[in-house]
Amino acid sequence: AVLSEVMMASHRWSHMHPLEMPWLVSVLCNAGVLLPVRMHSYHHVTYDCNFCIFTGWCNPLLNLGVKFVHHHSRAWLFALGALIFAPLALSPA
């Protein structure tokens with residue numbers, strides 16, 4: 001639950017001007033631990049890249065995927081479902 005709150009806060013901070021961010025958040029963004037404003041702002045230009053809202057670490061992989069599967073395709077729902085349920089299916093009983 002705490003991690004989901006930090007994720008949502010990270011997304012909120014990615015919409016703030018860097019000078020208005022809390023000091024620690026700015027340090028974490030500059031270190032690449034949290035989503036930097038610049039990286040997330042590219043998403044709002046065309047809405048077809050940089051979909052990650054926590055750290056942005058998966059953006060290169062997702063951006064590559066969008067070159068092959070349109071970002072509005074329902075195939076992404078199946079991919080997300082596979083990521084969510086694969087650990088459950090692969091865990092020992």
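Contact, in this report, means that heavy atoms lie within 4.5 Å, and helices are DSSP runs of H or I with at least four residues, numbered from the N terminus. The structure is a predicted model, in which local features need pLDDT of at least 70 and side-chain atom pairs count only at pLDDT 80 or more, while totals for chains, interfaces and linings use all residues. Residues are numbered from 1 along each chain as its sequence is written, and side-chain values use heavy atoms, with hydrogens and water left out.

A residue is called buried under 20% relative accessible area, exposed over 50%, and partly exposed in between (1.4 Å probe, protein chains only). In helix 4 the buried residues are Asn59, Gly65 and Val66. Because they cover an arc of only 125° around the axis, they sit on the same side of helix 4; the arc is taken from the directions that run from the helix axis to the C-beta atoms. Pro60, Leu61, Lys67 and Phe68 are exposed on the other side of helix 4. The cover over the buried residues of helix 4 includes helix 3 and helix 5 (75–90).

The loop between helix 3 (37–46) and helix 4 (59–68) holds tyrosine 47, and asparagine 50 also has its place in the loop between helix 3 and helix 4. Most residues other than glycine have a negative phi, yet the two residues below have a positive one.

| Residue | Phi | Relative accessibility |
|---|---|---|
| Tyrosine 47 | near 60° | 44%, partly exposed |
| Asparagine 50 | about 50° | 8%, buried |

How values were computed: Helices (H or I, at least four residues) and strands (E, at least two) are DSSP runs, numbered from the N terminus.
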